[in-house]
Amino acid sequence: MTARHDRTDGMRRRRFLTNAALGGATIIGASALGGFDADAAFAAEPSLDPAIAESAFVEGRITGITGSILEVAGSNGGHSRVQMTNVTSVWKVRATTAEAIDIGDGLYARGVEMPDGTVAADAVWVNIVNLDTRIRGIAKNRLHLAHGQHELVGHVAPDTSASYAGRALTSDLSRLRIGQSAQVLGAWRPSDDSVDVVRISVGH
């Protein structure tokens, strides 16, 4: 069982976010303690809201989908079942619907544990990653990145944003340079180990 209730796990989850997910390792989950967007998922601190303290969390890879139930194999070897509801929020690069979730995707879910052990999710982040990288190449619609020992492609979309030296986000990616260290927030593509870049930060 990968659902966790321990409030002190909040910071542990945040540290988990900073680790790599690619190359066959564990998909990264979101801290899931804030609003429903990628930035909040990574930036949120443990909430003081007593309702949040009762939340359960699930992380892992989706091994099966039966109706509205997601079967999830956790990185610790456990197994969880996540119940999607008509109010579950889903993030996969951007806000989307449960139909965008595929077997093989990585998942991080927040919800409420039901008596049968299933977690009824109020928010699900799919394939979310937060990677420390170095820019190795720049092309029209992609970045070539080094992440540890892995080379990976970062797909750039019209709504990809950048932050330079901690300044406000901008759609101007022209100041990215080969050789820069870059933090990449995005969504992993399991099919080819590439990443959809949601936000890239350099100069921190």
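Is Glu-59 buried or exposed in this predicted model? Glu-59 is buried, at a relative accessible area of 4%. The legends below start with an overview and then return to this residue.

**Figure 1. Overview of the predicted model.** The protein holds 3 helices and 12 strands. Of its 204 residues, 48% are buried. The accessible surface comes to about 9700 Å². Carbon and sulfur atoms account for 52% of that surface. Among contacts between residues at least 6 apart in sequence, 59% join residues at least 24 apart.

**Figure 2. Glu-59 in strand β1.** The strand spans residues 56-66. Glu-59 has a relative accessible area of 4%, under the 20% limit, so this residue counts as buried. Its side chain has a polar partner: the side chain of Ser-75, at 2.6 Å.

**Figure 3. The aromatic pair of Phe-57 and Tyr-108.** A search of the whole structure returns 1 aromatic pair. The ring centres of Phe-57 and Tyr-108 are 6.1 Å apart. Their planes meet at 45 degrees, so the pair is classed as tilted. Phe-57 belongs to strand β1, and Tyr-108 to strand β6 (residues 106-113). The pair thus links distant parts of the chain, 51 residues apart. Both Phe-57 and Tyr-108 are buried.

**Figure 4. The largest nonpolar core.** This core has 17 residues. Ile-135, Leu-176, Ile-200 and Val-202 have the most contacts inside it. Five strands each supply at least two residues of the core: β8 (128-138), β9 (142-147), β10 (150-164), β11 (181-189) and β12 (194-202). A second, separate core contains 15 residues, including Ala-56, Ile-101, Leu-107 and Val-126.

**Figure 5. Surroundings of Val-202.** Residues up to four places away in sequence are not counted here. Val-202 touches Ile-135 and Leu-176, both also among the core residues with the most contacts. Other residues touched by Val-202 include Ser-163, Tyr-164, Ala-165 and Gly-166. Gln-180, Ser-181 and Ala-182 are touched by Val-202 as well.

**Figure 6. Arg-175 over the ring of Tyr-164.** The charged end of Arg-175 sits over this ring. The distance to the ring centre is 4.0 Å. Tyr-164 is also among the residues that Val-202 touches.

**Figure 7. Thr-160 in strand β10.** What is the relative accessible area of Thr-160? The value is 2%, so Thr-160 is buried. Its side chain reaches the backbone nitrogen of Ala-157 at 2.9 Å. Val-198 is 38 residues from Thr-160 in sequence, yet the two C-alpha atoms are 4.9 Å apart in space. Leaving out residues up to four places away in sequence, Thr-160 touches His-155, Thr-170, Ser-171, Leu-173, Val-197 and Val-198.

**Figure 8. Thr-133 in strand β8.** Thr-133 counts as buried, with 7% relative accessibility. Neighbours within four places in sequence are set aside in what follows.

Conventions: Residues numbered from 1 in each chain as written. Predicted model: local features only at pLDDT ≥ 70, side-chain atom pairs only at ≥ 80, totals over all residues. Heavy atoms only, no water. Core = buried A, V, L, I, M, F, W, Y, C linked by side-chain atoms within 4.5 Å. Buried < 20%, exposed > 50% of the residue type's maximum accessible area, 1.4 Å probe, protein only. Helix = DSSP H or I, 4+ residues; strand = E, 2+ residues; numbered from the N terminus. Contact = heavy atoms within 4.5 Å. Areas by Shrake-Rupley, 256 points an atom, 1.4 Å probe, with all protein chains shown as cover. Polar contact = N/O pair within 3.5 Å; in protein donor to acceptor, adjacent residues only side chain to side chain. Phe/Tyr/Trp six-rings, centres within 6.5 Å; stacked < 30°, edge-to-face > 60°. Lys NZ or Arg CZ within 6 Å of the ring centre and 35° of its normal.
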